[in-house]
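Colleague: I have a model open and would like to go through its fold with you. Can we take it piece by piece?

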Amino acid sequence: MADFDQELDASGLNCPLPILRAKKSLASMDSGQVLRVVATDPGAVKDFEAFSKQTGNPLLESAEEGGKFYFRLQKA
């Protein structure tokens, strides 16, 4: 079983698109569900940290592997 409920592939998108897409995805999810985001924009790291603080959706994971950035956000 995956450790997330929904996945958003934001590869190739530049800020603020990964955040906007994540916001849209989270809006359709239930409280407590986890959204995994894959991004290639290095700026997304700070963006998702700020987004988590602003929206109250906990950032469970922020990792980088092979030029891709992985985030797991839990819907508040």
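Colleague: Which residues does Leu 8 touch, not counting residues up to four places away in sequence?

Modeller: Leu 8 touches Pro 18, Arg 21, Ala 22, Ser 25, Leu 35, Arg 36, Val 37 and Val 38. Contact here means heavy atoms within 4.5 Å. Before going on: this is a predicted model, in which local features need pLDDT of at least 70 and side-chain atom pairs count only at pLDDT 80 or more, while totals for chains, interfaces and linings use all residues. Residues are numbered from 1 along each chain as its sequence is written, and side-chain values use heavy atoms, with hydrogens and water left out.

Colleague: Where is the place of Leu 8?

Modeller: Leu 8 sits in strand E1. Helices (H or I, at least four residues) and strands (E, at least two) are DSSP runs, numbered from the N terminus.

Colleague: Does Leu 8 count as buried or exposed?

Modeller: Leu 8 counts as buried, at 11% relative accessibility. The cut-offs are under 20% relative accessible area for buried, over 50% for exposed and partly exposed in between, with a 1.4 Å probe and protein chains only.

Colleague: How many Å apart in space are Leu 8 and Pro 18?

Modeller: They are 8.6 Å apart, C-alpha to C-alpha, and 10 residues apart in sequence. For Gln 6 and Pro 18, which are 12 residues apart along the chain, the C-alpha separation is 14 Å.

Colleague: Staying with Gln 6, what is it in contact with, leaving aside its neighbours within four places in sequence?

Modeller: Gln 6 is in contact with Ser 25, Ser 28, Met 29, Val 34, Leu 35 and Arg 36. Gln 6 is also found in strand E1, and it counts as partly exposed because its relative accessibility is 29%.

Colleague: In which sense do E1 and E2 pair?

Modeller: E1 and E2 (residues 34–39) pair in the parallel sense, over 5 bridges. Glu 7 stands opposite Arg 36 in E2, and the bridge partner of Asp 9 is Val 38.

Colleague: How many bridges join E2 to E4?

Modeller: 6 bridges join them, and the two strands run antiparallel. Val 34 has Gln 74 in E4 as its bridge partner. E3 and E4 also run antiparallel, joined by 6 bridges, with Leu 59 opposite Leu 73 in E4.

Colleague: Which residue takes a positive phi in the hairpin of E3 and E4?

Modeller: Gly 66 does, with phi near 55 degrees, in a hairpin that has 2 residues between the strands.

Colleague: How many residues of E4 are buried?

Modeller: 5 of the 7 residues are buried, so E4 is largely enclosed by the rest of the structure. E2 is mostly covered, with 5 of its 6 residues buried.

Colleague: On to the helices. At what angle do the axes of H1 and H2 cross?

Modeller: The axes of H1 (residues 17–27) and H2 (residues 44–55) cross at roughly 40 degrees and come within 10 Å. That makes H1 oblique to H2: angles under 35 degrees count as roughly parallel, over 145 as roughly antiparallel, 65 to 115 as roughly perpendicular and the rest as oblique. Axes are lines fitted to C-alpha atoms, for helices over the stretch in contact, and angles run from 0 to 180 degrees between N-to-C directions.

Colleague: Which residues in H1 meet H2?

Modeller: Pro 18, Ile 19, Ala 22, Lys 23 and Leu 26 in H1 meet Asp 47, Phe 48 and Phe 51 in H2.

Colleague: Last one: which peptide bond is cis?

Modeller: The bond from Cys 15 to Pro 16 is cis, with omega near 0 degrees. Pro 16 is in the loop between E1 and H1.

Key: Pairing = 2+ DSSP bridges.
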